[in-house]
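Trainee: Could we go through this one together, slowly? I'd like to know where the labels come from.

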Amino acid sequence: MSRKLIFSYVVIGLLLIWAGFELIPTIQYERLTPAEKEVLREEGKLTELKSKIIKRGLDLQGGMHLVLEVNIPELVDGLAKNKSISYYDFIENVNKKYKENVDVDYLDLFLVEADNNQIRLARYYTDRGHQNSDIVKSLKIEAKESVSRGLEVIRNRVDQFGVSEPTIQRQGDKRIIVELAGITDIDRARNLIQSTALLEFKLLKDATIAQDAINRIDKVIRKNTPQDLTDTTNQNEKILESESKDKAVSLEDIFGITENKETKSDTSKNSSVTVDDNIVAERPFSSLLRNLGQIGTGVPAENVYAVKKILNMSDVKKVLPADLEILWSSKSKALTTQTGDVKEFFILYFVEREPGLTGQYITEAKGTIASLNSDNAGQSVVNVNMDSKGARIWSRLTGANIGRRVAIVLDNKVQMAPNIKSKIPGGRTVIEGLNSIQEAKDMEIVLKAGALPAPLDIIEERTIGASLGADSIRQGTRSVLIGLIVIIVFIVFYYKGSGLIAFVTLLLNIIFVLAVLAFLGATLTLPGIAGLVLTMGMSVDANVLIFERIREEYKKGKTVRSAVENGYNRALMTILDANLTTLIAALVLWQFGTGPIKGFAITLFWGIVFNFVSGYFISKTIFTTITTRKVVKKLSI
């Protein structure tokens, strides 16, 4: 036996051992029952096993596909300071024109409208330049950078969420694509990704200021002029001190708010509201609210849509003080009314617009169950630690405002608003009022990952169920098997015994491709299976070239051994040429393609590589072994 043949045996043996080592975890995982998987999960071994298997894509195991887009209007509005009536008029006009033609660039339209209306943007966007064009240029840079920072934040959140092999990539200047394969809790994942996670600590306004804001809104709803808005605090009975007489009325009858198609299709947007019949004529907005004592100003759940509609009116925004912001509670409270009924109420908080402290100083967040010796024993809470600068700010804020309430705000929703009882040193605080430990853990994830630099809107969402993914696997497997059987029948029928050698090398090619997918941690997708089927066809093509060359040499009267040797040598350059061009194309698709294209390119690329290894190198070794050990007078080909 020649040294060359021994070297070939060693290489093939190592390849087979490597392929078996890489594929055994996948085989083990696929044979596990749900009960066995649960046991391994409890032992902490399931994650380790899953890290070694062939990952399946969204189309093979189900999951969700999201396309997120940076909300440029909200980003621009959020960066503005010193907002005035002129600003609100200007931004309302820009947004209106943008909705009429969404194909235009928002910031280009923003600049044109600012110049046409002689708006000095430097008044609202400080430290961004003096000329409107310079400020808009700065805002465009901010928008692009927000996508890059958003990618990192989402990636950190998804990693902590525990999704294996997520796809998170940028698309254009404003969009991010997120694919989470195998995920089952769709709503939780959506909220975790889309949550801005902007944590703020804001002081509540005094009750007199809150009442003044309510009275101002009442005046607007009654179509009063701005001159009538002065000295409103004591002109009317305060909502905070009144008792209500509830009455159900329609939105259109009282406020002129008509239902549209969107309203009718959304059950959260009620067509009727419960008003206080004692004051609805004089104070229509106040009639939607309820005095909840120490809790604050409540809004019955059926009135939420109407109140939100009113608070979003541009005329209402104009009359409210510039340093005031009205926020909602993150969840409703079940409270007993004067009649003894239990109703759901959301709380309105009247807070300082500028936060006293933000989440940028947070160094650690931990979702847990409060200890038994604490005030909130047994509740789900998030313990928050701040850095030294945050600790100093928090200490000053709490020390200077003892007796006031501070709202802990996440994504413009108030999680809690406790009274400041004493100065809090050390930079530690606790966020409570959470429904479950899962909610606490989710808050921990978003706080650790940091806030998104800009709001992200979901513009496309596709959810693929696990059963549909299973169907895809069955169909994909069936297509591979059918293709394999057809090829085997053809090649064995046409090339007889040599066709069996071709079948063995074809099978090895598939095994090697699957092994390299497991080794690289790559994801097998439905287009990837298509690439695998194409690889099978190219493998047969290589065998046909070799066998035809051997036939030609054999017909010339050469010995079997000589015909095999010359046949392989003559076919080599043709195989290299055909495979090299396809290999380059696959490499380009792999490098620059996304989603299904990339999945197809990965299996095609490695299929071509191992096509040469098995279809040429291994098949030649088998033929050489047969013709070397004994004198073969006739070749079955």
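Predicted model: local features only at pLDDT ≥ 70, side-chain atom pairs only at ≥ 80, totals over all residues.

Trainee: Why does Ser-84 count as buried?

Mentor: Buried means under 20% relative accessible area, exposed over 50%, and partly exposed in between (1.4 Å probe, protein chains only). Ser-84 has 17% relative accessibility, so it counts as buried. Across the protein chain, 45% of the 637 residues count as buried.

Trainee: What does the side chain of Ser-84 make a polar contact with?

Mentor: With the side chain of Tyr-124, at 3.1 Å. A polar contact is a pair of N or O atoms within 3.5 Å; within protein, one must be able to donate a hydrogen and the other to accept it, and residues adjacent in sequence count only if both atoms are side-chain atoms. Contact in general means heavy atoms within 4.5 Å. Leaving aside neighbours within four places in sequence, Ser-84 is in contact with Arg-123 and Tyr-124.

Trainee: Why are helix 6 and helix 7 called oblique to each other?

Mentor: Helix 6 (residues 85–100) and helix 7 (residues 106–116) pack at an angle of about 135°. Angles under 35 degrees count as roughly parallel, over 145 as roughly antiparallel, 65 to 115 as roughly perpendicular and the rest as oblique. Helix 6 and helix 7 are therefore oblique.

Trainee: And why are helix 5 and helix 7 oblique to each other?

Mentor: Their angle is about 50°, so they too are oblique to each other. Ile-72, Pro-73 and Val-76 in helix 5 meet Tyr-106, Leu-107 and Phe-110 in helix 7.

Trainee: How many nonpolar residues does that contact have?

Mentor: Six nonpolar, with no polar and no charged ones. Ala, Val, Leu, Ile, Met, Phe, Trp, Tyr, Cys and Pro count as nonpolar, Asp, Glu, Lys and Arg as charged, and the others, Gly among them, as polar.

Conventions: Residues numbered from 1 in each chain as written. Heavy atoms only, no water. Axes fitted to C-alpha atoms, helices over the stretch in contact; angles between N-to-C directions. Helix = DSSP H or I, 4+ residues; strand = E, 2+ residues; numbered from the N terminus.
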